[in-house]
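I opened this notebook page to record what I looked up in the structure.

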Amino acid sequence: MKFNIQNTFSEELPSDPIQENYRRQVRNACFSYVKPKKTANPEILHVSEEMRQELGFSKEYVQSKEFLQIMTGNKVIENTMPYAMHYGGHQFGNWAGQLGDGRAINLAEIVHNSKRWAIQLKGAGETPYSRNADGLAVLRSSIREYLCSEAMHHLGVPTTRALSLATTGDKVLRDMLYDGNSAYEKGAIVCRVAPSFIRFGNFEILAAHKDHKNLKLLADYTIKYFFPEIKERGKLSYVALLKEVSKRSLSMVIDWQRVGFVHGVMNTDNMSILGQTIDYGPYGWLEDYNHGWTPNTTDSQFKRYRYGTQPEIVLWNLYQLANALYPLIEEVDPLEKALNDYQETYKKSYANMMITKIGLFSDQENDHLLIQDLEELLQLAETDMTIFFRQLANFKKGKASDWYAIIKDAFYNLNDIENDIKNRWNDWFLKYDARLEKEQIGDTQRKDQMNNINPKYVLRNYMAQLAIDAADEGDYSLIDELYMMLKRPYSEQPEYEKWFVKRPDWARDKAGCSMLSCSS
Ligand code: AMP
Ligand code: MG
């Protein structure tokens, strides 16, 4: 097939002059050319229909041998030179130096319907940035990335996308629980797609090397292709860039909070400059509404990246981006101002989002108190976030006494909901009911609006794990079932009602269902 290839990143930015594939510290470059590793016996397990259409690939093409070969490392697209990006990052609060695409290889940029898409294989073999790792990915983490990135897109959360999921036929050694028990797992490759994969860390590494010439080139390139709305020139354009990235990142993280997504590894190398969710590793979905929860075992001690702190971590990461951009601006004040704006707007955006989650669409003075009380109550006893907000839409004005029947399915243990807690819920619903009286809209309309904000179906941790367990046995049907269901997360889908349930008991402490390691 002929693609409309328009490579801008690799043509307009400086490349590493060395083309041999060995680990090294790279200087004065934005990327290194490297070819994907050939795979033994590749098989495509799934193709995203929406992404196929976005890219303008025909149904026949995605079933062709060529598609299989390109998406699994065995063929390079004609007239292209794949490459790995050079970036650094702050990991868990500390500068980690050079990181880079250790196992992601960018194939090309394809333009279709005036949209630019960079295509990248994750798990396609070693690169100059692989450090002491193998450049590969296993099936379990690839299923998780594939399903979740498409699910997030359908939830309306800004995200990188996925085109295909494939097994390689190669075996990959992993110590999944970091307990000294390594085992071979099935190797896999996800083809990821995004307008660009530039991260905060791409700027940070150039700033760290005092490579201001390339830092400027990268910032100008980013503005030209991805922030065309920035009209300022010179220094002001970089301040505008920081403001715009802050705005987009804020909107992304507020969406995470809305749907209960916990990224798990919000290092600055995992922050897209486009404000898209990127790098699905040990992420998880809130089941019981607990602000202190993180799915990542590596973070279990300090819980830096727990659900409740995500918006503040985005701000911390934006400070690192501001530091990286500073040499282009050489003034602290405008950068500080941009970040102060985040600080001020984030509280307001969060409050507004929560208010709409409970079906209040006109702004009233004391709504934040109602939210504050609710968040406290939701954490008194284990309460399922998704089920609670979805069920709340069934509440009817003037029927406060029905509250228990409406939300009881959200409680993990009904014995917890007695006496004091029951009374507090009762009081809250009385206040909620009184507040609803001031809204213009009726029960039906409120329910419709709430159901467009509060998803019914999310990729609960145990669901992904079930798909992984089946896939390990060679049964890939659950991947498709979950993929189909997650296309319409806000719709009632009676055929999938069995997935609208709390996490089953067996999954409470099972690896992959409650906690995940970074091993992938
Ligand atoms: P992460 O925090 O998982 O996004 O990864 C941090 C860094 O480690 C990035 O530079 C990745 O490219 C690199 N990395 C992760 N896994 C591997 C692997 N299996 N082989 C090579 N590099 C890896
Ligand atoms: Mg990463």
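Which polar backbone atom lies 2.7 Å from a nitrogen atom of ligand 1? I found that this backbone atom belongs to G135. I note here that the model is predicted, and that the values below are computed from it.

Entry on ligand 1. I looked up two further polar contacts of the ligand. A polar backbone atom of G100 is 2.6 Å from an oxygen atom of ligand 1. R131 contributes a polar side-chain atom, which lies 2.7 Å from an oxygen atom of ligand 1. I then checked the cover: of the 480 Å² of accessible area that ligand 1 has on its own, the protein covers 82%. I counted 16 residues around ligand 1, and the closest are G100, G102, R131, G135 and N270. I also recorded that the largest pocket is the space taken by ligand 1.

Entry on the magnesium ion. I looked up the atoms that coordinate ligand 2, the magnesium ion, and found N270 (OD1) and D279 (OD), at 1.9 to 2.2 Å. N270 is also listed among the residues closest to ligand 1.

Entry on domains. I read three domains from the domain assignment of the chain: domain 1 (9-200), domain 2 (360-451) and domain 3 (461-507). Over C-alpha atoms, the centres of domain 1 and domain 2 are separated by 43 Å.

Methods:
Residues numbered from 1 in each chain as written. Chains lettered and ligands numbered in written order. Predicted model: local features only at pLDDT ≥ 70, side-chain atom pairs only at ≥ 80, totals over all residues. Heavy atoms only, no water. Donors = N, O, S within 2.8 Å, 3.2 Å for Na, K, Ca; no water. Domains from an automatic or database assignment. Near = heavy atom within 4 Å. Polar contact = N/O pair within 3.5 Å; in protein donor to acceptor, adjacent residues only side chain to side chain. Areas by Shrake-Rupley, 256 points an atom, 1.4 Å probe, with all protein chains shown as cover. 1 Å grid on protein atoms, 1.4 Å probe; cavity = no way out; pocket = protein on both sides within 12 Å on 5 of 7 lines; lining within 4 Å. Sits in = over half its atoms within 2 Å of the grid points.
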